[in-house]
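Student: I have a chain open on the screen and would like to go through it with you. Can we start with whatever you think is worth a look?

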Amino acid sequence: TRIGDVFIAGLGDKVVRRAIDVYEHARPSLATDARFHWPSKGFGRSDPAVGVYWDMEKTFSLVAGVIRATQTPDPRVDDAFNRVKGFTTAQTSVTWDESLKINTAAHFNPAELSGDTKAYVDGCQPQNNQTLSFTPKDVLVYQWVGCVNFARYWNNVRKEAERIAQEKQLEGSSTEVANFETALGRDLEDDVIAVLGNEIGWFANTGAQFIPLIGIKAPQVVLFIKVNDRTEAGKVVSALLTKFSLEPEKDIHRGMQFSYFPTPFGGAVEPTFILFGDYFLVGSNRDILKEALYATDDARGTLTASPLFQKTIKPSHEGQVGIFYFKLGELLTTYSGLVDLAYNWLSTRSAETQVQAASTSSPASSVADETAMMLNEVIAREQEVSAALEDEIWDINLKGEDTSAKEEELKRQKDKIKALQAQIQVIKSSTQPAPLRKLSDGDQPAVVWRNIFTPVLEGLKTVQALGADVSLEKDLLSTEIQVLFEK
């Protein structure tokens, strides 16, 4: 129905009639509810494009009543609802000006929380995020989570394992843990988990080395965990290495010991670990960990100096318990070769498709494919040159010298790569398509890929960066997400 300039729709006429009653002041409005908060409150905007209010307490009570009335009692169901007990209302506001901003706030009553939720809130002491000081400026993905309680997680895992063992009438689960602790010479809970701090996270980037046959840079990943005691952490690592008969190679760089395990893939993949300050870092190779070490020399080389990071993530603030940062467009562009491989694999799954493709191919399309392949090889070589220039710029910058000449050379190099990529697109678009024919079942996945997945993928490439900031206050859990698009 319509009231003035407002169109009202609902599931059934009863809902609509209630809305009319509120409009005519026959019923109290939501605004009179003391728990109601307008979604924009505290977010700096009085006119969000979208505002959503949710009474969590009533919703969970209704759902719990329905579930308990239709099935036999289940401790897991009760545990799930106990985890959200105490949460009252939630609001979400969406605004879109220079970037897309999605703010969500969940209110709770600390006195009514229970179980793991209460333990998390009571034990969480947000602190300044120190991991940004060793996160390189150009990473593609970064995540940091504070207020992690490994002891509580381990206790939950152990309880769940015991429950499953009892249900399946298994024996020996606790004995296996005890045997492992005996072989390790340490108690898992008191000696291993107690060493772990309350922070965990990771970041990823592209390395300088290329994956053979694909022509893209090998990804580099680092996992970091805060430790409470460096000395004890070192002893735990040594005990684990001895337990599994592992002997890493050693590399001393700038006074720091890098322990790594060589693989047949060379320097692109050689698992490496270091104890760095109050953090234990594990990387996919030595290069990415050395970049983390270099970043500490100059704040201009850290993630906090990245313009995209500054636009999508708030500076470190009181109550901050989590950060997620993602340069989605660059990631998809960098690894588009993997997407092409997936498409080619999908296209050749059907024997019928392969036969039909061979019968309809033309000499012109074969020449175009060969030309595109040669250009891809040229692009791979030019990307190696770009990687070398980036390393030179990094070294010059650390010396405090002028990098403008090298940066201009790098820009010309990247323009050359873009021109080559454009040539490939022209070649692909100019190739005459095969005659139309009835699609077989084997062709359907490829059609979906081309007409649905690929356009969506191209759209996602316009996302320059996505940032999420999670905060915990005395009675509020809030998340602010910012998405920055290419202009």
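**Loops, helices and contacts**

Tutor: R254 sits in the loop between β9 (249-253) and β10 (256-260). Keep in mind that this is a predicted model.

Student: What is phi of R254 near?

Tutor: Phi of R254 is near 55 degrees, which is a positive value in a residue other than glycine.

Student: And is R254 buried, partly exposed or exposed?

Tutor: R254 counts as partly exposed, because its relative accessibility is 47%.

Student: What about C147, where is that found?

Tutor: C147 is in the loop between β6 (141-145) and α5. Phi of C147 is near 60 degrees, again a positive value in a residue other than glycine.

Student: Buried or exposed, for C147?

Tutor: C147 has 9% relative accessibility, so C147 counts as buried.

Student: Let's move on to α5 then. How many residues does α5 have, and how far does it reach?

Tutor: Helix α5 covers residues 150-167, which is 18 residues. From its first C-alpha to its last, α5 reaches 26 Å, close to the 26 Å expected at 1.5 Å a residue.

Student: What caps the N-terminal end of α5?

Tutor: N149 does: a side-chain oxygen of N149 lies 3.2 Å from the backbone nitrogen of A151.

Student: Which residues of α5 are buried?

Tutor: The buried residues of α5 are F150, R152 and A165.

Student: Different topic. How do the axes of α2 and α3 cross?

Tutor: Helix α2 (residues 56-70) and helix α3 (residues 75-83) have axes that come within 11 Å and cross at roughly 175 degrees. Angles over 145 degrees count as roughly antiparallel, so α2 is roughly antiparallel to α3.

Student: Which residues make the contact?

Tutor: From α2 the contact uses F60, V63, A64, I67 and R68, and from α3 it uses V77, D78 and F81. By class, the contact of α2 with α3 has six nonpolar residues, two charged and no polar ones.

Student: Staying with that part of the sequence, what does T88 touch?

Tutor: Not counting residues up to four places away in sequence, T88 touches R35, W54, D55, M56, E57, H107 and F108. T88 itself is in strand β4 (residues 87-96).

Student: Is T88 buried or exposed?

Tutor: T88 is buried, because its relative accessible area is 14%.

Student: Now N205. Where does N205 lie, and is it buried or exposed?

Tutor: N205 lies in strand β7 (residues 196-210). N205 counts as buried, because its relative accessibility is 5%.

Student: What does the side chain of N205 make a polar contact with?

Tutor: With the side chain of D138, at 3.1 Å. Leaving aside neighbours within four places in sequence, N205 is in contact with D138, V139, L140, A218, P219, Q220, I288, E291 and Y335.

Student: A218 is on that list. Where does A218 lie?

Tutor: A218 lies in strand β8 (residues 217-227). A218 counts as buried, because its relative accessibility is 10%. The C-alpha atoms of A218 and V269 are separated by 8.4 Å, though these residues are 51 apart along the chain.

Student: And R286, which side chains does it join by polar contacts?

Tutor: R286 lies in helix α9 (residues 286-295). The side chains of R286 and D251 are joined by a polar contact of 3.2 Å, and those of R286 and E270 by one of 2.6 Å.

Student: What else does R286 touch?

Tutor: Not counting residues up to four places away in sequence, R286 also touches F258, Y260 and T272. The C-alpha atoms of R286 and A268, 18 residues apart along the chain, are separated by 8.7 Å.

Student: One more residue. Is A405 buried or exposed?

Tutor: A405 counts as exposed, because its relative accessibility is 60%. The place of A405 is in helix α15 (residues 404-430).

Student: Last one, about the chain. How many helices and strands does it have?

Tutor: The chain comes to 16 helices and 15 strands. Of its 487 residues, 35% are buried. Among contacts between residues at least 6 apart in sequence, 64% join residues at least 24 apart.

Conventions: Residues numbered from 1 in each chain as written. Predicted model: local features only at pLDDT ≥ 70, side-chain atom pairs only at ≥ 80, totals over all residues. Heavy atoms only, no water. Axes fitted to C-alpha atoms, helices over the stretch in contact; angles between N-to-C directions. Helix = DSSP H or I, 4+ residues; strand = E, 2+ residues; numbered from the N terminus. Parallel < 35°, antiparallel > 145°, perpendicular 65-115°, else oblique. Contact = heavy atoms within 4.5 Å. Nonpolar A, V, L, I, M, F, W, Y, C, P; charged D, E, K, R; others polar. Expected span 1.5 Å × (residues − 1). Buried < 20%, exposed > 50% of the residue type's maximum accessible area, 1.4 Å probe, protein only. Polar contact = N/O pair within 3.5 Å; in protein donor to acceptor, adjacent residues only side chain to side chain.
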